[in-house]
Structure formats: C-alpha cells, structure tokens
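The sequence and the structure are shown first, and the description follows.

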Amino acid sequence: MTSTDDPIPTKTASSTSPELTAPPARNVENQTPASGFGAPGIRERWRTQDQLKIGSLALRGLGFLFSFLAFIIMATNNHGSGENFDNYEEYRYVLAIAIMSTIYTVAQLVPQVHELFTGRQLFPPRNLALLDFLGDQIMAYLLISALSSAIPQTNRMREQEDTIFTDNSAAAISMEFFAFLALAFSALISGYKLSNDSNQSYV
C-alpha cells in the first residue's frame, strides 16, 4: 500500500503581506468650497452689500423728501388772525427739526451718491458706519419728539375749528412722521452694516 504525501503548502512572504495600495487621488478641481468661502461666498457678500447700499440710499432720499416737505409746509403756514406757526412753540420746534433733518439727509446723501458714481468712499468705512448709525438714531428720535409735541396742540385746535391752518399743521406733522419712518429703517441698516464690519474685523 503506497501512500502519497501531499506537499504541505508553504506560506511565502508575498502571500502573507497585505498588498500596499496607493491612496486615491483627491480631485482638487471638483472640490466644493464651504459655504461662505470662496468665489460664491464673496459674490454673495458683495450682492448683499450692494443691496444694503441701495436700500440705505433710497431711505435717506425719502427722508430728505419728507423732511423738506415738512419744512416747506410749516414755513408757509401763515394765515393771519393768530393762525401763524411762529405763534406756537410746538410748531416752531417742528420747523426746526424739519430743517435739521433736511440738512442731515443731504449731508448723508452726498457721500453715498459720490460712492455710487465713483466707486470711492470719502470716509473710512468703519467710521462712516458708526456715524450713520448714531446720526440716524439721533435724527429719528428728534423727529418723533417734534411730531409728538405738536400732535396734542393740533388736536385741540381742530376740536374748536378745523381751518386751513390746522390742515397744514397736520400735513407737516404727517411728513415728519414719514421722515421718521425712513430714518428709523435706515438706522436698522446702519446697525446691520456696523455689526458686520465689527465681525469681519475679528475674523
């Protein structure tokens, strides 16, 4: 009886060692940048900044228009027989704030229009954002203060007799209210821009 011994397989070094494979190459060209970074993020920030500039310019333009109308209506509100605006302290206050608001909005519009046509800013962006924010808030407060002081006086006069003098007074007060709304919304935009500038300075 013959027996055939099966050869015992021997393990070679090549069979036991794992195959070394090169890591997959990274596709650098097709990588998607993280949100907020890269060219898409920069374009999005530029688009937002442009929209804020246009919105701020439009609101200050409306503020100038309504302030100027309030100034004209109240300054010409003289009808004799005691129906003159300068006979009432409240109406003199309305006129004074309307003049201040008209001058302020013009002073704010000049650098914005200059930047719109030339692409250059007259003042550093950080300082300009702070001045816009503080100026809008102060002017909005003065406008609401003036119209709040004149409303009771106008209501008392209209209860006695409704004349062209009281109608013009009410119209001037309404214009100042619209100017207040425009500058109040402009203050919100100024605050947003100031907050963004502060965040970017710490990045």
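## The nonpolar core

Which residues have the most contacts inside the largest nonpolar core? They are Met74, Tyr91, Ile97, Met139, Leu143 and Leu183, in a core of 25 residues. A nonpolar core is a set of buried Ala, Val, Leu, Ile, Met, Phe, Trp, Tyr and Cys residues joined through side-chain atoms within 4.5 Å. Buried stands for under 20% relative accessible area, exposed for over 50%, and partly exposed for values in between, with a 1.4 Å probe and protein chains only. Helix 2, helix 3 (89-118), helix 4 (125-160) and helix 5 each contribute at least two residues to this core. Helix 4 provides the largest share, eight residues.

## Basis of the description

The model is predicted: local features need pLDDT of at least 70, side-chain atom pairs count only at pLDDT 80 or more, and totals for chains, interfaces and linings use all residues. Residues are numbered from 1 along each chain as its sequence is written, and side-chain values use heavy atoms, with hydrogens and water left out.

## Overall architecture

The chain has five helices and zero strands, in the order α-α-α-α-α along the sequence. Helices (H or I, at least four residues) and strands (E, at least two) are DSSP runs, numbered from the N terminus.

Of the 203 residues, 30% count as buried. Among contacts in the chain with a separation of 6 or more, 80% are between residues 24 or more positions apart; contact means heavy atoms within 4.5 Å. The chain exposes about 13700 Å², of which carbon and sulfur atoms supply 62%. Such accessible areas come from the Shrake-Rupley method with a 1.4 Å probe, and for residues only the protein chains shown count as cover.

Apart from residues up to four places away in sequence, Met74 touches Phe85, Tyr91, Val94, Leu95, Ser169 and Ala172.

Met157 lies in helix 4 and counts as buried, at 13% relative accessibility. With its neighbours within four places in sequence set aside, Met157 is in contact with Tyr88, Tyr91, Phe165 and Thr166.

## Aromatic pairs

Eight aromatic pairs are found in the whole structure. Rings of Phe, Tyr and Trp (its six-membered ring) pair if their centres lie within 6.5 Å; planes under 30 degrees apart count as stacked, over 60 as edge-to-face and the rest as tilted. One of the pairs joins Phe64 and Phe68, which are stacked, at 5.9 Å centre to centre and with 20 degrees between the planes. Both residues lie in helix 2 (residues 38-75), four residues apart, about one turn of the helix. Phe64 is partly exposed, at 28% relative accessible area, and Phe68 is partly exposed, at 35%.

The pair of Phe66 and Phe178 is tilted, because the ring centres are 5.4 Å apart and the planes stand at 40 degrees. This pair links distant parts of the chain, with Phe66 in helix 2 and Phe178 in helix 5 (residues 164-201), 112 residues apart. Ring pairs also link Phe66, Phe177, Phe178 and Phe180 into a cluster.

## A nonpolar surface patch

Phe178 is partly exposed, with a relative accessible area of 37%. Together with Phe177, Leu181, Phe185 and Leu188, Phe178 makes a nonpolar surface patch of about 470 Å².

Technical notes:
Patch = residues over 30% accessible without salt bridge, like charges linked within 9 Å, V, L, I, M, F, W, Y side chains within 5 Å. Salt bridge = Lys/Arg side-chain N within 4 Å of Asp/Glu carboxyl O.
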